[in-house]
Amino acid sequence: MIELRHVDKLYEKDWFTLKNINLKINKGEFVFLVGPSGSGKTTLMKLIYMDEFPTRGEVIVAGFRASKIRRREIPLLRRKIGVVFQDFKLLPDRNAYDNIAFALQVTGTRRSETQKKVLKALTDVRLSHRRDAYPYQLSGGEQQKISIARALVHEPFVLLADEPTGNIDPEGAAEILQLLREINTKGTAILMATHDLELVKRLPYRRLQIEKGEIKSDTSLREKK
């Protein structure tokens, strides 16, 4: 499903953002990517949705290879991937419903189909009652839930969540994490980047520890037993 083989990402001379990354994420997995700021978490995610490309090695996502993918194929790949960012990236001049609908409108989805999918996504994140609210009227946790709903409308096989609780208070962060767990139980794989090691220690999921661009440990649930 997702595989990185001997991947390096090099910027300027000998500055490695990622070094010799070997990684597989299987269908339906929930994986934490843990490391301090600047450790390479965001770059790794950008390689998966092909906003960046490896200097060396190969990235394979849903059958697409970074070494062979054509520019016009990248939007097709990204429709299979949901991405959630720390800073929400909502359009400030559109309400919650329209922020989610926009992700479908740009791909030419019919209006009737768009309405059906947006309403389902709002229900899934338990914010149907806030469909007419604008981002400035929403709490940080609510904004992130709308971002997650937007990422889900294409029914992706994997959701990439880059520090999704980073700008949210502890109560809201707990709700976001619970929501991601629920999404995972329905079959969507989750790769969640976080610098909060204490948060992930309490949960029974695979944990990748990344430091200075290298994966230092890969702790699976089986290894914990």
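**Close-up 1. Who builds the largest pocket.** α2 (74-78), β6 (81-84), α3 and α5 (140-152) each put at least two residues into the lining of the largest pocket; helices (H or I, at least four residues) and strands (E, at least two) are DSSP runs, numbered from the N terminus. β6 gives the most, with three residues. This is a predicted model, where local features need pLDDT of at least 70, side-chain atom pairs count only at pLDDT 80 or more, and totals for chains, interfaces and linings use all residues. Residues are numbered from 1 along each chain as its sequence is written, and side-chain values use heavy atoms, with hydrogens and water left out.

**Close-up 2. Inside the largest pocket.** Its volume comes to about 550 Å³, taken as the space filled by probe spheres set on grid points joined across faces, edges and corners. Of the 19 lining residues, Arg-78, Ile-81, Ala-103, Arg-150 and His-154 are the closest to the centre. A pocket here is an open set of points on a 1 Å grid over the protein atoms alone, where a 1.4 Å probe fits, with protein on both sides within 12 Å along at least five of seven lines; lining residues have an atom within 4 Å of a point.

**Close-up 3. Ile-100 in helix α3.** Ile-100 sits in α3 (residues 96-105) and is buried, at a relative accessible area of 0%; buried means under 20% with a 1.4 Å probe, protein chains only. Leaving aside residues up to four places away in sequence, Ile-100 touches Val-118, Ala-121, Leu-122, Ile-146, Ala-149, Arg-150 and Val-153, contact being heavy atoms within 4.5 Å.

Terms used. Buried < 20%, exposed > 50% of the residue type's maximum accessible area, 1.4 Å probe, protein only.
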